[in-house]
Amino acid sequence: MAYQNLIVETEDHVALIRLNRPDALNALNSDLVRELADALQEADRNDNIRAIVVTGSEKAFAAGADIKEMAGKTYADVFATNMFGDDFKRITGTRKPVIAAVSGYALGGGCELAMACDFIVCADTARFGQPEINLGIIPGMGGTQRLARLIGRSKAMDMVLTGRFMDAAEAERAGLVSRIFPAAKLVPEALAIARKIAEKSRLSVMAAKECVHRAEETSLDEGILFERRSFAALFSTEDQKEGMGAFMDKREPQFRDR
């Protein structure tokens, strides 16, 4: 599929999706978000793809939503069209693991997009923020919810109410990102992580992703019950037999996703 606002490459069972609106610092407009949702769904359907990396440019992952597109809209426009809502739901509905590789600015909708991925790795140049308060609005693509879950209420309130930015070091300390790399090494390192995930059984990877996300949505007891059911179900797969057999034989497993 051809995209106007993305560059999509595939290698070693990994899809690299690069946001590509350089003149706007990859600001998210309706077309870009729709194309990204389409690309993620296409990767989800492709049996050759086992993990996905979403990135931007060295200067900006995404510097926010496109203000020019939004400025003239009314409440009725935003509410009736559920602006960005349906496509973000498709983005977060991706079953395969999605890694955000953030360099430069990830602000507003860009920060929200990064948080909508399964985890974030970033360059030492990364800057995260939810500065919507400076525009007379609030985050509208999950920013108030995911940020509070990831870094806690106090820091989330600080960022959302003041609009201040968080650098890479603080983001790692706060738990927003999992790893920091030099900017020049960010995408190669993110792809290496994705390839490591791609070596695993697709069934166990998808089950693990579902279980971790369930932790954000339910009580501890219900989450553990879901985990136990998923854990038991994987014992019905050939990959479980292969993985444990390979461990005992002291060899690398050859998973077949069944």
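Analyst: Arg-34 and Asp-31 are three residues apart in helix α1 (residues 30-45), which means that about one helical turn separates them; helices are DSSP runs of H or I with at least four residues, and strands runs of E with at least two, numbered from the N terminus. Their side chains form a salt bridge at 2.5 Å, N to O (a Lys or Arg side-chain nitrogen within 4 Å of an Asp or Glu carboxyl oxygen). The model is predicted, so local features need pLDDT of at least 70 and side-chain atom pairs pLDDT 80 or more, while totals for chains, interfaces and linings use all residues. Residues are numbered from 1 along each chain, and side-chain values use heavy atoms, without hydrogens and water.

Arg-34 is partly exposed, at 38% relative accessible area, and Asp-31 is likewise partly exposed, at 38% (buried is under 20%, exposed over 50%, partly exposed in between; 1.4 Å probe, protein chains only).

A second pair is Glu-210 with Arg-95, whose closest N and O atoms are 3.5 Å apart. Glu-210 belongs to helix α10 and Arg-95 to the loop between α4 and β5 (98-102), so this bridge ties together parts 115 residues apart in sequence. Glu-210 is partly exposed at 38%, and Arg-95 is partly exposed at 47%.

Glu-170 and Lys-155 form a further salt bridge, at 2.7 Å, N to O. This pair links distant parts of the chain, with Glu-170 in helix α8 (residues 168-174) and Lys-155 in helix α7 (residues 153-162), 15 residues apart. Glu-170 is buried, with a relative accessible area of 12%, whereas Lys-155 is partly exposed at 30%. Elsewhere, shared partners join Asp-47, Arg-50, Arg-202 and Asp-257 into one network of salt bridges. Over the whole structure, the search finds 16 salt bridges.
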